[in-house]
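Thanks for coming, everyone. I'll keep this short.

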Amino acid sequence: MQLGMIGINYKQAPLDVRDRTSFTENRKIEFLQRVGERTNPSVTQCMILSTCNRSEVYFFYEEEEQFSQMCAIYTDWFTPEVCGSYLVSCRSEEAVAYLFRTAAGLESMVLGEDQILGQVGEALDFSRTLGCAKKEMNRVVRDAITCAKRLKTELKISEITLSVSYIGILQVEKLCGIQGKTAVVIGLGKVSRLTLKYLDYYGAAKIIVCTRATAKARELKKDFPQVEECAYDARYEAVEDSDIVISATAAPHVILTRTDYRKNCNPEKPRVFLDLATPRDVEQELEREAGVILINMDTLHHISRENQKERERLVALGMDKMQQEVAQTMEWLFNSRMDSTIESLQKRCGEIVEDSFTYLNRRLDLTPREQKLVKKILNASLQRLLREPIHEMKTLESVGEQENCRHFVEQLFQL
């Protein structure tokens, strides 16, 4: 029994193809039913991992024909025209290793991200609920999740931020501290709203939002009580009252100049300016004022690139650690090939014990205590006989030896 993977992900397929190959909950159920109907013999273990960046199906198969059937089912499901040349697949140890990397976020668009780990767990739960995840699928996915959690704890890849807005806030925190300070946020777009959350988290005492949409700024007080709105034209007055200035507008030109700053504000008062806009909101000349520290996108992108390199270094380290655990999972999968034969052998043993006990009990009229003793002795005797053969079956070193042994045992014991 081997693990296979087929699907489409962001590395090969553009966004419109990923949109058209996503699975809804109902479509997952329908696809799993189709797998049982179309594969011969049936593929009974299957898991669908569908996110915004991937649409992948993991499954266990016995024969090579089943792998080809699964590829055909997936392609037909979304039509060959959609899948085109974007379909990817892997099998056996390569598939197991890929699942481990996926769970750890090492195959994600944002290297080392955490969200995928929960998505893998949810995919397994869904598959198990539908009866499509048995011992092998449970073990492999659980091993991947356990390995991912260990790597995240040891390497802390996701703690090395790549978001330029968050890097900017961290730089402000490092330079002047945010707790108890007054901050001005100019603009009310997506980036500005995100910085509000960061300022709140780091304990800003007062946040002045400068925007032309003052009504929207007032609505922010529901989530951020320390927010005050300010008209865009009064932005220099707000800057004068502040310790931190964050600007992220869509203006095509600078909105804070050195000349106007000197006219309206005390240029010697210490202030940190964080310019998150492209093109720039803050004139570069402003950093020449004695009290000004200016952080712009060039600085933040440089830090982000360095952080990306550090993530990549940790990923390489994580790959080495992961490979050892993949090897252990593959060893378990290899040994588990004999489990069904061993289970059948144990079941046959139980049947012999019951038959023998029933005969003896009928002939000897045993007391309840003697019944328990006789059954225990019969079971122990047969288990002793089977102990060495079972041990040998678990230590076979090749698939060929396993197949020969399975065939011999099944004939010998009429399993």
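In which helix does Gln323 lie? Gln323 lies in helix H13, residues 297-336.

Two notes on the source. This is a predicted model, in which local features need pLDDT of at least 70 and side-chain atom pairs count only at pLDDT 80 or more, while totals for chains, interfaces and linings use all residues. Residues are numbered from 1 along each chain as its sequence is written, and side-chain values use heavy atoms, with hydrogens and water left out.

The element names come from DSSP runs, numbered from the N terminus: helices are H or I with at least four residues, strands are E with at least two.

Back to Gln323. Gln323 is partly exposed, at 39% relative accessible area. The scale is this: buried is under 20%, exposed is over 50%, partly exposed is in between, with a 1.4 Å probe and protein chains only. Thr358 sits 35 residues from Gln323 along the chain, and their C-alpha atoms are separated by 52 Å.

Now another glutamine. Gln69 lies in helix H3, residues 64-78. Gln69 is buried, because its relative accessible area is 16%. Leaving aside neighbours within four places in sequence, Gln69 is in contact with Arg38, Thr39 and Asn40. Contact means heavy atoms within 4.5 Å.

Next, the sheet. Six strands form an open sheet, ordered S7-S6-S5-S8-S9-S10, with parallel pairing. Strands pair if DSSP finds at least two bridges between them. S7 (227-231) and S10 (292-295) are the edge strands, each with a single partner, so one side of each has no neighbour in the sheet. The twist averages 20° from one strand to the next. S5 (residues 182-186) and S6 (residues 206-211) run parallel, joined by five bridges. Val184 stands opposite Ile208 in S6.

What packs on this sheet? H8 does, touching S8 (244-247), S9 (271-275) and S10, and its direction makes about 170° with that of S9. H9 packs on the sheet too, touching S5, S6 and S8, at about 170° to the direction of S5. Axes are lines fitted to C-alpha atoms, for helices over the stretch in contact, and angles run from 0 to 180 degrees between N-to-C directions.

Last, the helix pair. H8 (residues 164-176) and H9 (residues 190-201) pack at about 40°, with axes 10 Å apart. Ser165, Tyr166 and Ile169 in H8 meet Val191, Leu194, Thr195, Tyr198 and Leu199 in H9. Those contact residues divide into six nonpolar, two polar and no charged. Here Ala, Val, Leu, Ile, Met, Phe, Trp, Tyr, Cys and Pro count as nonpolar, Asp, Glu, Lys and Arg as charged, and the others, Gly among them, as polar.
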